[in-house]
Amino acid sequence: MKDRTYYLTDIKCVKETDGMLIAAESGTQIPFAIQRMFCVKEVGKGQSRGAHATKKTRLVLIALAGACEIEVDTGDRKEVFVMDTPSKGLYIDAMIWRTMKNFTPDCLVLALADRVFDAQDETYDDYEEFLKAVRVSSLSEEGK
């Protein structure tokens, strides 16, 4: 399996006299052509979102308002990011498990993705299946 990565990326925020402008562009802050966007909001206290890995989709998550934590898991390492400013986006490669949790009541997360949604074959929703797929892919790469 090719190296899978995740990292924080700077998102342009410009404070103006009449408000704040938040801007991101493909090829600059977003390392892919944006094919889909969706938002997550009004997540109840104690609830989480995500808890899956996409098979092919790469995305950037940006907390436009409020805050939440995003845990990313490659199968052999985990890291938690506190997303509490629109000036930072979290890039997540395909085949990385992610769970969003600890939402503030006003949290609004924007997701920018590099492909349209394929409901038939988009995600690993079972963590053990994800780990198995990561191991199988890693073994096949070692055999090359």
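How many salt bridges does the rule give in this structure? The count comes to six salt bridges, each being a side-chain nitrogen of Lys or Arg within 4 Å of a carboxyl oxygen of Asp or Glu. Before the close-ups, please note that this is a predicted model, in which local features need pLDDT of at least 70, side-chain atom pairs count only at pLDDT 80 or more, and totals for chains, interfaces and linings use all residues. Residues are numbered from 1 along each chain as its sequence is written, and side-chain values use heavy atoms, with hydrogens and water left out.

**View A. Arg58, Asp114 and Arg115 share one salt-bridge network.** Arg58 meets Asp114 with their closest N and O atoms 2.9 Å apart. This pair links distant parts of the chain, 56 residues apart: Arg58 sits in the loop between strand 5 (49–54) and strand 6 (59–65), and Asp114 in the loop between strand 11 (108–113) and strand 12. Helices (H or I, at least four residues) and strands (E, at least two) are DSSP runs, numbered from the N terminus. Asp114 also bridges to Arg115, here with 3.9 Å between the closest N and O atoms. Asp114 is buried at 14% relative accessibility, while Arg58 is partly exposed at 27%; buried means under 20% relative accessible area, exposed over 50%, and partly exposed in between (1.4 Å probe, protein chains only).

**View B. Glu71 and Lys101 form a salt bridge.** Their closest N and O atoms are 3.6 Å apart. Glu71 counts as buried at 19% relative accessibility, whereas Lys101 is partly exposed at 25%.

**View C. Trp97 and Phe130 form a tilted aromatic pair.** Rings of Phe, Tyr and Trp (its six-membered ring) pair if their centres lie within 6.5 Å; planes under 30 degrees apart count as stacked, over 60 as edge-to-face and the rest as tilted. By this rule there are six aromatic pairs. Trp97 and Phe130 have ring centres 5.6 Å apart and planes at 45°, so the pair is tilted. Trp97 belongs to strand 10 (residues 97–101) and Phe130 to helix 1, 33 residues apart. Both are buried, Trp97 at 8% and Phe130 at 0% relative accessibility.

**View D. Tyr127 and Phe130 pair within helix 1.** The two lie three residues apart, about one turn of the helix. Their rings are tilted, with 5.9 Å centre to centre and 40° between the planes. Tyr127 is partly exposed at 26% relative accessibility.
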